[in-house]
Amino acid sequence: MISSDLEGLVVDEADMRADLEKVLIPEEELQAKIRELAAEIDRDYEGRDLLLVGVLKGAVMVMADLARALHTPISMDWMAVSSYGSGTKSSGVVRILKDLDADIMGRDVLIVEDIVDSGLTLSWLRSNLESRGPASLEVCTLLRKPDAAKIEVGVKYIGFDIPNEFVIGYGLDYSERYRNLPFVGTLAPHVYGGSGEQEA
Ligand SMILES: O=P(O)(O)OC[C@H]1O[C@H](OP(=O)(O)OP(=O)(O)O)[C@H](O)[C@@H]1O
Ligand code: HPA
Ligand SMILES: [Mg+2]
């Protein structure tokens, strides 16, 4: 019973990896970058009380690793917004699915994102949070696609600039799958139905 369950897990993991085209950023590089970003943030926020705002669900992994790499005292809050629905193109129409639990008036706030793609989600989020009167508002994103930008958004801490390809892993999903891969990669064309067209 136990061993067949374990076998199932191994097969599932092999299936997930068979869907990959390539690994773009290996796990060790991701973790080293998170430590670098944390050191920078520690320097910038020394002596302050920082509020990390994670953007669900994609930023869960970055948030968990970044928070543990920081020495600065932090609190965490979460927002869930959706502009992608189940597809691979941003609609630009952002919906709040879950708002912050607490008021951010007068707080030092750092938005934590997994990816800035078109920039539409972050642009909307920045102005939404700015209107709530924080003492400061900055953004940390693990990934950014400069060639996909539809709007310029101020992002202070950037892990990696990546090519304009749909990526998965380390929090990033395609149709809610692959978030638990420990690296960032791209999907093989057969996953999109063999046409290369990305849809979910
Ligand atoms: O720069 P943009 O083109 O707006 O794209 C970036 C946003 O899209 C993704 O979220 P998604 O809506 O897929 O929700 P999820 O994090 O729950 O997957 C990602 O986590 C960012 O929040
Ligand atoms: O490349 C991406 N992958 C997964 N989710 C995303 N949301 C915006 N861009 C991406
Ligand atoms: Mg998504």
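I take axes as lines fitted to C-alpha atoms, for helices over the stretch in contact, with angles running from 0 to 180 degrees between N-to-C directions. Helices (H or I, at least four residues) and strands (E, at least two) are DSSP runs, numbered from the N terminus.

**Entry 1: source.** I note that this is a predicted model, in which local features need pLDDT of at least 70 and side-chain atom pairs count only at pLDDT 80 or more, while totals for chains, interfaces and linings use all residues. Residues are numbered from 1 along each chain as its sequence is written, and chains are lettered from A and ligands numbered from 1 in the order in which they are written.

**Entry 2: two helices.** I looked up helix α2 (residues 27–44) and helix α3 (residues 60–69), whose axes come within 9 Å and cross at roughly 55°. I recorded the contact (C-beta atoms, placed from the backbone, within 7 Å) as formed by Q31, I34, R35, L37 and A38 of α2 with D65, L66 and A69 of α3.

**Entry 3: the sheet.** I traced an open sheet of 6 strands with mixed pairing, in the order β4-β3-β2-β5-β6-β7; strands pair if DSSP finds at least two bridges between them. β4 (95–98) and β7 (157–161) are at the edges with a single partner strand each, so one side of each has no neighbour in the sheet. On average, neighbouring strands are turned by 30° against each other, direction ignored.

**Entry 4: a strand pair.** I found β2 (residues 50–56) paired with β5 (residues 108–116) in the parallel sense over 5 bridges. L51 is opposite V109 in β5.

How values were computed. Contact = placed C-beta atoms within 7 Å.
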